[in-house]
Amino acid sequence: MEYLKIGGEVEASRVSLGCMRMRDKTKKEVFDVIDTAVECGITHFDHADIYGAGLSEELFGEYIKANPSFRDKIVLQSKCAIRKGFYDFSKEHIISSVEGSLKRLNTDRLDVLLLHRPDTLMEPEEVAEAFDELQSSGKVLNFGVSNHNKYQIDLLKTAVKQPIIANQLQFSITECGMVSSGLNVNMKNDESVMHDGGLLEYSRINNITIQTWSPFQAGFFKSPFIDNDDYPEVNAKLQELADKYNTTKTAIASAWILRHPAKMQLICGSMTPDRIRQVCEGANITLSREEWYGIYRAAGYRLP
């Protein structure tokens, strides 16, 4: 396993276990999944208060309760701000959400808290008050965002004094607009359209770690692209490289994300032990430039 410092602050594994789907598993299955993640070198675990309406955090908390020394060996992250029908960056909600997560997770602190989706009614000063209170009480040690553009981050920073160390964004071989727009500057083609305002470069300049959600997904929770007949070219290329490196297509797809010098952190949402192992294998593979671009082109992207 390879490790990084999220935002230059928090040391963690390059592969994180995303815990959203824990809600669908039994306690034994959850324990097996966490054990597998630990065996693979994963030290970072990603939650959100809405995952399974809190059930995912509760199940993870059962593991912490059964293994008390485990808590101090990991980086525990959760997210807040999505409510039924609206987003909420109010001080009251941020603090109450964190307190609920701490209770469910059987812990006294979050190593990282992310604001889950942008709230257009946000008051940066109110968020700053919540962050200050959570940090001074020791309930949250570090802060970040999820699905934010660079101007929303800059707006937060007008009042928030803590570093924004992470931004969780959708990114995969088939969903890599952050890359394609940068490769097609000033071109009149579909790939040149910049939907994020240059987040990839902004994150590198400002030492914000991009955490990639749905790293093997096509579209917005549409379907996985691996072993999907709708993506024959990319699967053929992944298989070619899997054969070369004596590994799996999943490992190569993982290596493709981890190869980028932005030092992204891959959020693996699988609850299947064997698949978690395959994803982690990718952290030990370094693709060449030619191989990396070959996968990119196989996904249907053009180079100008």
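This report walks through the strands, helices, cores and aromatic rings of a predicted model.

## Before we start

In this predicted model, local features need pLDDT of at least 70 and side-chain atom pairs count only at pLDDT 80 or more, while totals for chains, interfaces and linings use all residues. Residues are numbered from 1 along each chain as its sequence is written, and side-chain values use heavy atoms, with hydrogens and water left out.

Helices (H or I, at least four residues) and strands (E, at least two) are DSSP runs, numbered from the N terminus.

## A barrel of strands

Eight strands close into it in the order 3-4-5-8-9-10-11-14, with parallel pairing. Two strands count as paired if DSSP finds at least two bridges between them. From one strand to the next, the twist averages 25 degrees.

Strand 9 (residues 143–146) and strand 10 (residues 164–170) show this parallel pairing, over three bridges. Here V145 stands opposite N167 in strand 10. Helix 5 (residues 150–157) packs on the sheet and touches strand 8 (112–115), strand 9 and strand 10. The direction of helix 5 makes about 155 degrees with that of strand 10; axes are lines fitted to C-alpha atoms, for helices over the stretch in contact, and angles run from 0 to 180 degrees between N-to-C directions.

## A hairpin

Strand 1 (residues 3–6) and strand 2 (residues 10–13) run antiparallel and are joined by four bridges. I6 stands opposite V10 in strand 2. The two strands form a hairpin with three residues between them, and G7 in the turn has a positive phi of about 60 degrees.

## The nonpolar cores

A nonpolar core is a set of buried Ala, Val, Leu, Ile, Met, Phe, Trp, Tyr and Cys residues joined through side-chain atoms within 4.5 Å. Buried means under 20% relative accessible area, exposed over 50%, and partly exposed in between (1.4 Å probe, protein chains only).

The largest nonpolar core has 84 residues, and L17, F45, F60, L113 and W256 have the most contacts inside it. Helix 9 gives the most to this core, with seven residues. Another core, of eight residues, lies apart from it, and V10, A12, V75 and A166 are among its members.

## Aromatic rings

Which way do two rings face each other? Rings of Phe, Tyr and Trp (its six-membered ring) pair if their centres lie within 6.5 Å; planes under 30 degrees apart count as stacked, over 60 as edge-to-face and the rest as tilted. The structure holds 11 aromatic pairs. One of them, F60 with F70, is tilted, at 6.0 Å centre to centre and 50 degrees between the planes. This pair links F60 in helix 2 (residues 55–66) to F70 in the loop between helix 2 and strand 5 (75–80), 10 residues apart. F60 is buried at 0% relative accessible area, and F70 is buried at 7%.

W256 and W292 have ring centres 4.6 Å apart and planes at 5 degrees, so this pair is stacked. The pair links helix 9 (residues 249–258) with helix 11 (residues 289–298), 36 residues apart. Both W256 and W292 are buried. Ring pairs also join them with F171, Y293, Y296 and Y301 in a cluster.

## Around helix 11

In helix 11, E291, W292, G294, I295, Y296 and A298 are buried. The buried residues of this helix pack against helix 6 (177–183), helix 8 (232–245) and helix 9. G300, whose phi is positive, near 100 degrees, follows helix 11.

Terms used. Contact means heavy atoms within 4.5 Å.
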